[in-house]
Amino acid sequence: YISLSGIVTFRKSEELRDIVRAVPLDRILVETDAPYLAPVPYRGKRNEPAYVRYVADEIARLRDLPPETVAEATTANFFTLFKHAQRPLQS
């Protein structure tokens with residue numbers, strides 16, 4: 001597994017974006033690195049968990065996938081890797 005943070009949205013991170021394109025989607029996770037390394041458009045500000053969406057959106061853009069596909073895949077990857085984590089209740 002590889003976990004990606006806001007760095008993937010940085011202009012000078014082309015090598016990392018190449019890795020995103022190459023790694024199988026079933027091995028990708030997303031993370032915040034909070035309180036550091038906020039993704040664009042919040043770069044330079046305090047990072048927070050809500051910004052993980054921008055990381056997933058960038059992965060979707062790089063792989064030419066709908067953001068929902070990346071969200072579903074990274075969520076499934078999390079629960080595959082962390083088998084004891086409990087899924088939130090559905091409303």
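## Sorting the residues

Ala, Val, Leu, Ile, Met, Phe, Trp, Tyr, Cys and Pro count as nonpolar, Asp, Glu, Lys and Arg count as charged, and the others, Gly among them, count as polar. With these classes in hand, the predicted model can be described through its largest pocket, whose lining divides into 6 nonpolar residues, 3 polar residues and 1 charged residue.

## The largest pocket

The largest pocket has a volume of about 170 Å³, and the residues that line this pocket are Ser 3, Leu 29, Val 30, Val 52, Arg 53, Ala 56, Ala 71, Thr 74, Thr 75 and Phe 78. At least two lining residues come from each of β2 (28-30), α2 (52-63) and α3 (67-81), and among the contributors it is α3 that gives the most, with 4 residues.

## Thr 75

Thr 75, one of the lining residues of the largest pocket, has its place in helix α3. Because its relative accessibility is 37%, Thr 75 counts as partly exposed. Although Thr 75 and Asp 26 are 49 residues apart along the chain, their C-alpha atoms are separated by 9.9 Å.

## How α1 and α2 pack

Helix α1 (residues 14-22) packs with α2 at an angle of about 70°, and their axes are 9 Å apart. Since angles of 65 to 115 degrees count as roughly perpendicular, α1 and α2 are therefore roughly perpendicular to each other.

On the α1 side, the contact is made by Arg 17, Val 20 and Arg 21, while α2 brings Glu 58, Ile 59, Arg 61, Leu 62 and Arg 63. The residues of this contact between α1 and α2 divide into 3 nonpolar, no polar and 5 charged.

Definitions and conventions
Residues numbered from 1 in each chain as written. Predicted model: local features only at pLDDT ≥ 70, side-chain atom pairs only at ≥ 80, totals over all residues. Heavy atoms only, no water. 1 Å grid on protein atoms, 1.4 Å probe; cavity = no way out; pocket = protein on both sides within 12 Å on 5 of 7 lines; lining within 4 Å. Points joined across faces, edges and corners; volume = space filled by probe spheres on them. Axes fitted to C-alpha atoms, helices over the stretch in contact; angles between N-to-C directions. Parallel < 35°, antiparallel > 145°, perpendicular 65-115°, else oblique. Contact = heavy atoms within 4.5 Å. Buried < 20%, exposed > 50% of the residue type's maximum accessible area, 1.4 Å probe, protein only.
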